[in-house]
Amino acid sequence: MDPAIDRAALDAQTGGDADLAREVLDLFAGQCRSILPRLTDPALSRAARADLAHTLKGSSAGVGAARIHALADAAETAFRGEGRAPLDDLADAVEAALRAIAEGQV
């Protein structure tokens, strides 16, 4: 199984600066904790939820979280159309990334 966060991709984004990588990961973790509950909130419009998925897609690309990126992309597409967003899978991927960050596995 691929890592929740690809260290090589993160290093490419941060120039190998460990302090910057930690800061970026902390920001990403906070964003995940903020966005995920709103993504699953049926009271929000599909357009608002698509925008949130788009934001998560972009930030996940910046830290090398490929699975989150792919699932956020699928969610954005679904929210902008008529499909069902893969929110359970996205939540699992976010949980795995948050765990990896908290446990220093990145």
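Q: At what angle do the axes of α2 and helix α5 (residues 87–102) cross?
A: In this predicted model, local features need pLDDT of at least 70 and side-chain atom pairs pLDDT 80 or more, whereas totals for chains, interfaces and linings use all residues. Residues are numbered from 1 along each chain as its sequence is written, and side-chain values use heavy atoms, without hydrogens and water. The axes (lines fitted to C-alpha atoms over the stretch in contact, with angles from 0 to 180 degrees between N-to-C directions) of these helices (DSSP runs of H or I, at least four residues, numbered from the N terminus) come within 10 Å, and α2 and α5 cross at roughly 150°.

Q: How is α2 oriented relative to α5?
A: The α2 and α5 axes cross at roughly 150°. That crossing therefore makes α2, relative to α5, roughly antiparallel (over 145 degrees).

Q: How many nonpolar residues does the contact of α2 with α5 have?
A: In this contact (heavy atoms within 4.5 Å), R22, L25, F28, A29, C32, R33, L36 and L39 of α2 meet L87, L90, A91, V94, A97, L98 and I101 of α5. By class, no polar and two charged residues take part, and the nonpolar ones (Ala, Val, Leu, Ile, Met, Phe, Trp, Tyr, Cys and Pro) number 13.

Q: How far apart are the axes of helix α2 (residues 18–39) and helix α3 (residues 46–63)?
A: α2 and α3 are roughly antiparallel to each other, and their contact includes F28, I35 and L39 of α2 together with L52, L56 and V63 of α3. Helices α2 and α3 pack at an angle of about 160°, and the distance between their axes is 10 Å.

Methods:
Helix = DSSP H or I, 4+ residues; strand = E, 2+ residues; numbered from the N terminus. Parallel < 35°, antiparallel > 145°, perpendicular 65-115°, else oblique.
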